[in-house]
Amino acid sequence: MKSFTADYVFPVYADPIKNGIVTVDEDGKILSVSDSTSGTGPSPQKLSGIICPGFVNTHCHLELSHMVGKVPTKTGLVEFIKEIAKQRGTTDNGLIAAAAEQADNDMYENGIVAVGDISNNNSTIAIKAKSKLHYHTFVEIFGFLPDKAEEFFEKALTLMAEFEKQSVSITPHAPYSVSKELFRLIKRYCETHNNLLSIHNQESDDENKFFRYKLGKFTELYEYLGMDISYFKPQARNSIQSIVPLLTNNQEILMVHNTCTNLKDIYFLKRFDRKINWCFCPNANLYIENKLPKINLFVDQGFNITLGTDSLASNHGLSILSEMQTIQHKYPAISTAKLMEWATINGAKFLGIDNQKGTLEAGKTPGLNLITGVDGLKLTPESKVKRLI
C-alpha cells in the first residue's frame with residue numbers, strides 16, 4: 001500500500017482537493033482519496049504539483065511511428081497524405097516494429113494508460129498484446145470507388161480477425177476516402193455488432209471544398225493516386241453534413257481533428273440521432289495545416305470531448321499533456337479542470353473502460369500521474385508529467 005499527497009489532487013469526478021491524499025494498493029487500485037485532515041493509512045509521500053488519473057489517448061497511429069521527422073511540416077493535408085502514401089512500404093518491418101514498441105513505451109512514460117489506435121495492417125498486434133497500455137484498435141477502411149466497396153469491406157474484416165484476441169472494430173477512414181456504398185456496408189455491420197467508430201473529419205478547407213464543389217487539392221490527390229472519380233458529383237454540403245446520414249445511430253462515433261468544423265456543423269449534427277464524440281489533436285493540426293480547430297465552439301454543446309496525439313508522422317511526440325498545453329495556450333478560458341476531463345474520463349467513456357479508468361475513485365485502477373511545473377491549478381509551458389503508478 002502506498003499514499004501520495006500533492007498541492008492538488010484531481011479526482012476528475014469531483015472538485016480538485018487541495019493537499020489531497022491518494023492511497024493505492026500494490027496493484028495500483030485506488031483505496032481512498034481524501035483531504036489531509038481525514039486521510040488514514042501509511043504516511044503519504046509529499047509531492048509538489050497536481051496528482052491526476054492516467055491519460056487516455058483516443059487517436060493514435062502506432063504503426064506510423066517509424067516516420068518520426070520524415071514528413072515535412074505545414075505542407076497541408078493533401079501533401080501530407082501524398083508523403084505518407086509515398087513512404088508506406090519502404091521501411092524494413094523490423095524497424096517499423098522497433099519504432100512502434102518505442103512509441104508504446106513513450107506513451108507509458110508520458111502517463112498514458114489507454115489508446116484508441118488506427119491500424120491499416122497487422123504490424124502492431126504483438127506489441128499491443130504485451131503492452132502495459134489498454135488498446136482499442138480501429139481497423140481502418142479505405143475505398144472511394146463504389147464498385148470495390150465489397151472488396152474493401154471484406155479485406156477489413158479479414159484484418160480485424162487477426163486482432164480477434166484484442167479490443168477491435170472496423171471504421172471508415174474519412175469522408176473523402178470512403179464511398180457511400182462502403183459507408184452503407186459499415187452501417188449495416190454496426191446494426192448487429194458492437195463496433196466503435198473513429199473518423200478523420202474536416203482536417204482542411206479543401207475537404208469541404210471538394211464535397212461542395214468538387215474543386216481544390218483533393219481532385220489533384222485522386223489524380224496522383226491514379227483514381228477515376230468521374231462518378232462523384234458535388235454534394236452541395238460539406239463533408240460532415242454529407243456523411244452523417246450514412247452513419248449508424250447504434251454506435252459511439254469519434255470525429256477526429258475537426259480543424260475546419262464550424263458552429264453550423266455542430267448545430268447540423270444536433271438534428272440527427274447520432275452518438276457523436278469529438279477528438280482534438282492540436283499538435284498534429286499545427287504540424288500538418290499550421291491551424292487549430294475552433295475548440296471554444298465545442299465547449300458546453302453537450303458532446304463528449306476527448307484528446308489524441310495522432311502519429312509520430314504528424315507530431316513531435318506522443319504526449320496528452322502537451323496537447324493540453326497547446327489548447328490552454330490558444331484558449332486560456334478553457335480551465336485545467338475541463339482539460340483534465342477531456343484527457344481522462346471522457347476518453348475512457350468513449351472507449352468503454354470508464355469502470356476502471358478515467359477518475360480517482362476507490363476500486364478503480366486508472367493509473368496515477370504527477371504534473372509538475374504548474375501555477376496553482378493552471379498548466380504552464382514548463383509543466384511535465386511523471387507516472388507514479
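This is a predicted model: local features need pLDDT of at least 70, side-chain atom pairs count only at pLDDT 80 or more; totals for chains, interfaces and linings use all residues.
Reader: Why is Thr-336 called buried?

Author: Its relative accessible area is 4%, and buried means under 20%, so Thr-336 counts as buried. The residue belongs to helix H12 (residues 336-343).

Reader: What does Thr-336 touch, not counting residues up to four places away in sequence?

Author: Thr-336 touches Phe-10, Gln-328, Leu-377, Lys-378 and Leu-379. As for Met-324, it is twelve residues from Thr-336 in sequence, and the C-alpha atoms are 8.2 Å apart.

Reader: What makes Arg-88 and Glu-63 a salt bridge?

Author: The N to O distance between the two side chains is 3.5 Å. The cut-off is 4 Å, for a nitrogen of Lys or Arg and a carboxyl oxygen of Asp or Glu, so the pair qualifies. The structure holds eight salt bridges.

Reader: Why is the pair of Arg-88 and Glu-63 said to tie parts together?

Author: Arg-88 is in the loop between helix H1 (77-87) and helix H2 (93-109), while Glu-63 is in the loop between strand E8 (55-60) and H1, so the pair joins parts that are 25 residues apart in sequence.

Reader: Are Arg-88 and Glu-63 buried, exposed or partly exposed?

Author: Arg-88 has a relative accessible area of 33%. That value falls between the limits of 20% and 50%, so Arg-88 is partly exposed. Glu-63, at 3%, is buried.

Reader: How do you know that Lys-130 and Glu-101 form a salt bridge?

Author: Their closest N and O atoms are 3.1 Å apart, which is within 4 Å. This pair links distant parts of the chain, with Lys-130 in helix H3 (residues 125-130) and Glu-101 in helix H2, 29 residues apart.

Reader: Why is Lys-130 called exposed and Glu-101 partly exposed?

Author: Exposed means over 50%, and Lys-130 has 56% relative accessibility, so Lys-130 counts as exposed. Glu-101 has 38%, so partly exposed is the term for Glu-101.

Reader: Which terms apply to Glu-361 and Lys-364, whose side chains meet in a salt bridge?

Author: Glu-361 is partly exposed at 28%, whereas Lys-364 is buried at 8%. Their N to O distance is 3.4 Å, and the cut-off is 4 Å.

Reader: What makes strand E13 (residues 252-257) mostly covered?

Author: Five of its six residues are buried.

Reader: How do you know that E13 pairs with E12 and with strand E14 (residues 275-280)?

Author: Pairing needs at least two bridges. E12 and E13 have five, in the parallel sense, with Val-256 in E13 as the bridge partner of His-200. E13 and E14 also pair in the parallel sense over five bridges, and Ile-253 stands opposite Ile-276 in E14. With helix H9 (residues 263-270), E13 and E14 make a right-handed β-α-β unit.

Reader: Which residues of the largest nonpolar core touch the most other members?

Author: They are Phe-55, Met-107, Met-255, Trp-278, Met-324, Met-340 and Trp-342, out of 86 residues in this core. Helix H5 (residues 180-190) gives the largest share, six residues. Leaving aside neighbours within four places in sequence, the contacts of Met-340 include Phe-10, Phe-55, Met-324 and Ile-371.

Reader: Which residues of helix H6 (residues 205-213) are buried, and what do they pack against?

Author: Asp-206, Glu-207, Asn-208, Phe-210 and Phe-211 are buried. The buried residues of H6 pack against strand E12 (197-201), helix H7 (217-224) and helix H8 (239-243).

Note on methods
Residues are numbered from 1 along each chain as its sequence is written. Side-chain values use heavy atoms; hydrogens and water are left out. A nonpolar core is a set of buried Ala, Val, Leu, Ile, Met, Phe, Trp, Tyr and Cys residues joined through side-chain atoms within 4.5 Å. Buried means under 20% relative accessible area, exposed over 50%, partly exposed in between (1.4 Å probe, protein chains only). Helices (H or I, at least four residues) and strands (E, at least two) are DSSP runs, numbered from the N terminus. Contact means heavy atoms within 4.5 Å. A crossover is right-handed if, with the strands pointing away from the viewer, the path from the first strand over the helix to the second runs clockwise.
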